[in-house]
Amino acid sequence: MFNVVDTYFGGQISTEALAALSLSFPVFFIIIAIGTGISTGTTALIAHELGAGKKKMAKHLAVQSITFGIILSFIMVALGISLSPLLFKLLGASGEYLSMSLAYMNVIFYGTLFFMLVYIFNAILNAEGDTKSFRNFLIAGFFMNILLDPWFMYGWFGFPALGIAGLAWATVVIQASGMFYLGFKMYKTHFIKHIDLKDLFPEKRAFLELIKQGIPSSLNMMTVGIGIFVITYFISGYGSAGVAAYGIATRVEQIFLLPTIGITIATLTLVSQNNGARKFQRVKESLSIGLRYGLSIMTLGTIIIFIFAQMLMSIFTKDPEVIIIGAQYLRIASFLTWAYVILFTNISALQGLKKPLFALWIGLGRQIIAPLIIFTFLAHILGWGLLGIWWGIFIINWIAALITIYYTKKTFAHLGER
């Protein structure tokens, strides 16, 4: 919903601003990818130790994950500020288009520490089964964003008008607020309440565990960002209207996929804890129930997206060309919701079993290798243009979903044989 609100207000500036936001998203997603991956790994490790009754080790991993996140943040800021101009130019940005993209993205990079600690604190809370604190922050943050976006963008109450950079500053301020709120909630748990500062000093074994479990998950998420980069690269050849349309349409998709995200987080925690406790039948039940609920909910999402595709696009832009292109994509993508449920829920279960590498390999194939081949064939060789890219996304994700089903079943067949 952050992205939805930002997209709406970006559309009030211009189509170029919308395109700049869309162009920034693959770069922004690098932060999201690393944060989400480390968060997933942290939750899996802590929940596993809790399930096994090893509370001291769970606390140690929680504290070390904070240190790990802080160090990682500073590295990401340095790399992000240095490399983002090159990435934007590679995607065809220049002049005002490039300036807008950098004005937005540089601010986001400066706020990386807040993003990272929000992910880490939430991971620790998730491991204990507390998903409500993050929910509270997201709801409050959504309403704060509705207020802060226009305030910073237009410069109300004597505040300087920041334009598209104002959207980024609003996001950073909200993430900082979330960091303090979730940090307070985490402090009240038994993990952090009684620690010495020396406990925060980097410890090799804990860092290696976090890297082993978290980095493959981060790299998997990173492939999503690179995948968006690849898609944007192909789309940009057909003009800024296509880039803007794809940016809006993916945000519409994200709204309908929110229940799936909730189900995958629950699946990760339940599978991790029960795997640690060696209750393998409950591991299988957690995945089965998650898939059943996810597929049922997404059936409704498919119907709504398909029928109301054009109306949903028109909420964010009045540009008729952008609306037509985006609606065309959404009608095809509406039948991908089931594939996403299968992919995300099964991958979460595998991560809960401390098997994160499959997610990386399927991500590389789904987001990078297959798109380069299939988009080139459909869009350029067959001459389908944008339609070829849309159908390429459809084909690739369904193939990946079927492969994931096969691999997960094979893994679950050998569960407990250790």
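Student: Is Trp156 buried, exposed or partly exposed?

Tutor: This is a predicted model, in which local features need pLDDT of at least 70, side-chain atom pairs count only at pLDDT 80 or more, and totals for chains, interfaces and linings use all residues. Residues are numbered from 1 along each chain as its sequence is written, and side-chain values use heavy atoms, with hydrogens and water left out. Buried means under 20% relative accessible area, exposed over 50% and partly exposed in between (1.4 Å probe, protein chains only). Because its relative accessibility is 37%, Trp156 is partly exposed.

Student: Tyr340 and Phe344 form an aromatic pair; what is the angle between the planes?

Tutor: Rings of Phe, Tyr and Trp (its six-membered ring) pair if their centres lie within 6.5 Å; planes under 30 degrees apart count as stacked, over 60 as edge-to-face and the rest as tilted. Tyr340 and Phe344 are 5.6 Å apart centre to centre and count as stacked, the angle being 10 degrees.

Student: Which helix holds both Tyr340 and Phe344?

Tutor: Helices are DSSP runs (H or I, at least four residues), numbered from the N terminus. Tyr340 and Phe344 are 4 residues apart, about one turn, in residues 337–352, helix H13.

Student: Which backbone oxygen does the side chain of Ser348 reach?

Tutor: Ser348 is also placed in helix H13, and it is buried because its relative accessibility is 8%. At 3.3 Å, its side chain reaches the backbone oxygen of Thr264.

Note on methods:
Helix = DSSP H or I, 4+ residues; strand = E, 2+ residues; numbered from the N terminus. Polar contact = N/O pair within 3.5 Å; in protein donor to acceptor, adjacent residues only side chain to side chain.
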